[in-house]
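I opened my notebook on a structure new to me.

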Amino acid sequence: MPEIAAGKSVVPPIGLRRRVTDQVMTGLAVLTVLVVLTPLVAIFGYLVYRGVGSLNWAFLTQTPKPVGEVGGGMANAIVGSVMILGIASIIGVPFGIGAGIYLAEFGRNRFGSVIRFTADVLNGVPSIVIGIVGYAIVVLYQHHFSALAGGVALSIMMVPTICRTTEEMLLLVPQALREAAYGLGVPRWRTTLSIVLRTATSGVITGIMLAFARIAGETAPLLFTTLGNQFWNLRYDQPTAALPLQIFVYANSPYEDWHRQAWAGSFVLIVLIVTSVAAVRYAVRRGSFGAA
Amino acid sequence: MANPAFPRPDMPGPQPVAAANISAEAAERIPLLRTSGGEGSDRVFQWTITACGLAVLAVLVLIVYELVTRSALSWHAFGFKFFAASDWDPVSEQFGALPFIYGTLVSSLVALVIAVPLSIGVAVFTTEMCPKRLRSPLSFFVELLAAIPSVIYGLWAIFALVPLLSNYVQPFLGKSLGWTGLFSGPPYGIGMLAAGIILAIMIIPIISSITREVLTVVPQHQREAVLALGATRWEMIRVGVLRNARAGIMGGVILGLGRALGETMAVTMVIGNRPEIAKSLFAPGYTMASVLANEFSEATGDTYLSALVEIGLVLFLVTIVVNALARLLVWTVTRGQPARGHA
């Protein structure tokens with residue numbers, strides 16, 4: 001360290017005990033990094049090793065076989081997941097963006113702070129509790145489990161993330177752009193939607209994808225909303241299979257072949273999520289133009 | 001967040017009114033104003049957007065309302081005894097949540113004991129020690145841990161962590177630390193210890209990323225001042241950095257705790273799911289979140305369902321308090337509140 005060299009002439013040399021402590025603590029810090037990265041490497045290693053090895057054409061194209069029979073796949077769960085995530089996004093994204101616009105453009109007051117705090121609280125609610133709410137507000141009225149209930153539960157989890165990132169991104173848009181639009185006589189709604197939101201598009205999309213990545217692997221809120229299904233279902237109001245649910249059920253089963261499929265399912269799921277995270281980073285890197 | 005060049009983020013307030021006024025008198029002359037709508041559409045827009053904001057509030061109110069009304073039955077039947085009784089018997093409709101509360105607290109505590117030193121170590125390494133080139137990839141990899149779904153952690157724990165624990169770690173711990181009573185009993189692998197470890201792995205990214213954020217806000221001159229006194233690097237970190245960041249680190253830890261308390265899937269898969277209170281960490285347990293995951297969709301009978309919802313309500317309230325506390329702590333640090341001076 002250069003600063004020690006500079007002080008050498010004035011300050012007495014650093015004692016052995018202090019030097020050793022310094023070395024030991026540095027070593028410990030390096031050790032913590034290694035310890036933390038070990039499970040990451042182990043999990044990804046397992047995923048690739050067992051996941052890729054278990055992946056086959058049948059897994060991607062067939063529905064589950066009855067208990068005890070070897071073979072089959074999770075095609076219905078993959079499609080079910082896409083459907084549930086689609087429903088969640090259709091509900092969650094507009095509300096999230098709307099709430100974000102409210103906070104950025106109209107919410108600079110006490111009521112805005114209340115909404116902001118509410119969104120943060122909502123972000124911390126355990127996902128299993130959101131599942132109870134999905135059950136209470138959709139399943140109990142429909143009288144059966146459904147993809148819609150799962151989508152509603154997941155959309156509740158999307159809104160706070162989208163809302164807060166949208167707000168942050170809109171606040172980065174220079175005030176001068178708004179003023180320029182007003183100066184041209186453009187009404188406020190038009191300014192907000194086609195000038196402000198447009199400028200912040202890449203950031204807002206980043207937020208949406210973060211929220212999407214977060215809910216894509218969620219299992220707890222689906223347990224008693226979509227329930228799962230062994231067969232094909234493309235209707236929004238019927239019990240639906242979902243990838244995370246299927247992984248959970250298969251992992252807890254005593255059958256070796258189901259364990260294999262659980263790994264294959266996890267691999268497919270993680271590929272979906274890692275792709276979104278990579279896309280998020282790509283969008284962030286590309287999207288600095290809106291940030292003045 | 002606000003652009004420093006424009007010190008008043010609340011500027012849009014007066015502007016549109018002025019624009020609207022102009023449109024009323026000058027619409028004849030300037031076609032642009034006429035074609036793009038006027039006050040009416042602005043009002044509709046503002047109402048729509050406000051409704052979206054209100055929806056956020058409404059969802060939270062709805063959550064509280066559903067949890068409170070649907071747990072009323074259980075609350076009337078058991079009252080405060082619900083939190084003190086430890087029998088969970090759906091057949092005779094006797095419900096006490098103590099084993100679940102105990103399981104949630106103990107598994108989260110084990111997770112914190114493991115995760116806090118590791119997370120702080122990682123954060124200190126990335127902000128103070130590691131070469132600049134490594135900084136960004138390292139934090140990316142640690143945060144990648146946060147992107148792995150809970151159910152995949154559980155799957156990995158069942159097939160990799162649990163065998164490791166039961167074959168190597170638990171026999172060793174039992175032999176060397178068995179006398180404490182915390183590490184005794186048969187080494188099943190599955191149990192409180194496994195749940196604590198998997199939770200620790202899951203909350204490390206949260207605690208370490210917040211700690212890193214807090215450490216980077218510690219002013220550079222604090223470091224320089226301590227170094228100028230002839231401190232070693234570790235002394236500089238301890239006195240100049242960590243001490244100044246205490247409150248923020250505490251906030252990160254509590255935020256991690258909030259996550260651990262509500263975590264469901266991975267824990268459910270490895271904790272053993274037995275509603276018992278045992279001193280040993282080798283013994284199976286049960287948490288509030290996992291009992292909901294396992295029993296909610298199969299609960300028959302109104303009291304049973306209501307008791308489960310009450311557990312959900314408790315979980316909800318606890319995580320809200322914990323999260324609010326954490327945000328307050330992080331907020332006081334990162335909003336440039338100067339660290340308290342030397343006493």
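I began with chain B and its contacts between residues with a separation of 6 or more: residues 24 or more positions apart account for 74% of them. Two residues are in contact if their C-beta atoms, placed from the backbone, lie within 7 Å.

I noted the ground rules next. This is a predicted model, where local features need pLDDT of at least 70 and side-chain atom pairs count only at pLDDT 80 or more, while totals for chains, interfaces and linings use all residues. Residues are numbered from 1 along each chain as its sequence is written, and chains are lettered from A and ligands numbered from 1 in the order in which they are written.

I looked up the secondary structure of chain B and found 15 helices and 2 strands. These are DSSP runs, numbered from the N terminus: helices are H or I with at least four residues, strands are E with at least two.

I checked burial. In chain B, 47% of the 343 residues count as buried. Buried means 20 or more other C-beta atoms within 10 Å of the residue's own, exposed means 12 or fewer, and partly exposed lies in between; C-beta atoms are placed from the backbone.

I then turned to helix H10 of chain B, residues 220-228. Which of its residues are buried? I found B:Arg223, B:Val226 and B:Leu227. Just after H10(B), B:Gly230 has a positive phi of about 95°.
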